[in-house]
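Please read it alongside the coordinates.

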Amino acid sequence: MPPCGRERSIAELLRGTPRRGRCREPDPASGLGSPRCSLTEPGPGHSHWSYEDREHWGVGYPDCAGTMQSPINIDTAKTIFSPQLRPIQLSGYSLPASEKLKLRNNGHTVLLELPETLAITGGYAQQYRAVQLHLHWGSPSGPGSEHTVNGHRFAAEIHVVHYNTKYDSVTEAMVYPDGLAVLGAFLEVGPRENPYYQEILQHLHKIQTEGKEVLVPGFNIAGLLPANMKFYFHYNGSLTTPPCYQTVKWTVFNQTMQLSHSQMSTLVMNLRNDDGKPLQNNYRLVQDLHRRQVLASFQTTLLSPKQTPSGSDASEAAEGHSGSSFHAGDVLAVLFGVLFAVTALAFLLYIYKHRSQNTRMDSPTKSKVIYTAASTENTA
Ligand SMILES: [Zn+2]
């Protein structure tokens, strides 16, 4: 497949504005030269790549064959604890219902445009402005997150795309190594409906075909991300769709988000791609780490190999999040619990023994005598 440009500017692509056009030479506005011709991760529009063809993206988009690609498998045993990684802080994420946002099916994903007033103000060395968010999912028969943790693939994944405020626009930012920041979180099936995701999912039936869009009322966008923003993984990677630019500083949260079974079905079953086929399995396979390191903002060494950062505990879900990361505090709590139990048992045994000795005496008076005698002895 030859490199294929489109009759639209990179800025339009970044916003995900759909516009069909004939193939032509790569857009000079990108300043990137052939064959970087479409941008789909920060704002996927209809373009000529497909997930069925994902093994061959490197042919038309050379960066896709690079050595800093995303997604990756996060091997928690090999992550490096970095105490300098501070909690991610967001500002402006709570939007009033009066602010309408564009929600679009672009043939590759469902994409929600975000106002630039949303920003990451902590956790990164620089400030980043939001551009859009979108989701990756599987099919009724399998999960579809892009990143995996210890080989485990989650049901789905959310990506919130931002660009560095030191650049004038996302178009400019996206070609620099520190240009983009994407916040990623895993979605799992839990016991109850997630009201934040419902703000998106309830509109999917209106945008079933590729290119359709709908205006949705603003809501608290931060509710789509984990409550715990202290625990995350961090690494340098790329857009996970062509043109796969290697300019993304990734944050993948340890805590997962939960959607009801019905909500997950709505996500997986509602949309269609440009061929009119069900839009499913819109995830890229994990890429080689090469020489990269994955940092962790927390100590993962107590995670056993089979543990994942997921959790489905009902009480945790009640708080709107979940996570099974196992920490030193938990170990201490268990130790103290065991100590308490042993002490209590020893005390009960002592009481029991003492009482049974007393009951061996035929009458309480006798025991009284013994008691008196003992006290006499003591005073002597
Ligand atoms: Zn994505």
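In this predicted model, Asp 178 counts as buried because its relative accessibility is 14%, under the 20% limit. Its side chain meets that of Lys 166 in a salt bridge, with N and O 2.7 Å apart, and the pair links distant parts of the chain, since Lys 166 lies in the loop between β10 (156-164) and α3 (170-173), whereas Asp 178 lies in the loop between α3 and β11 (180-189). Lys 166, by contrast, is partly exposed, with a relative accessible area of 46%.

A search of the whole structure finds five salt bridges, including those tabulated here.

| Salt bridge | N to O distance |
|---|---|
| Lys 166 and Asp 178 | 2.7 Å |
| Arg 104 and Glu 113 | 3.0 Å |
| Lys 78 and Asp 75 | 3.8 Å |

Arg 104 and Glu 113 are both buried, and they belong to a network of salt bridges that also links Lys 102 and Glu 213. Lys 78 counts as exposed at 64% relative accessibility, while Asp 75 is partly exposed at 28%.

Gln 69, in the loop between α2 (57-60) and β1 (73-74), is buried, with 1% relative accessibility; its side chain reaches the backbone oxygen of Asp 63 at 2.7 Å and makes a polar contact of 2.9 Å with the side chain of Gln 246.

The largest nonpolar core has 45 residues, with Leu 112, Ile 158 and Ile 221 making the most contacts inside it, and strand β7 (residues 128-137) gives the most to this core, five residues. Apart from it lies another core of 24 residues, among them Phe 154 and Leu 239.

Note on methods. Residues are numbered from 1 along each chain as its sequence is written. This is a predicted model: local features need pLDDT of at least 70, side-chain atom pairs count only at pLDDT 80 or more; totals for chains, interfaces and linings use all residues. Side-chain values use heavy atoms; hydrogens and water are left out. Helices (H or I, at least four residues) and strands (E, at least two) are DSSP runs, numbered from the N terminus. Buried means under 20% relative accessible area, exposed over 50%, partly exposed in between (1.4 Å probe, protein chains only). A polar contact is a pair of N or O atoms within 3.5 Å; within protein, one must be able to donate a hydrogen and the other to accept it, and residues adjacent in sequence count only if both atoms are side-chain atoms. A nonpolar core is a set of buried Ala, Val, Leu, Ile, Met, Phe, Trp, Tyr and Cys residues joined through side-chain atoms within 4.5 Å. A salt bridge is a side-chain nitrogen of Lys or Arg within 4 Å of a carboxyl oxygen of Asp or Glu.
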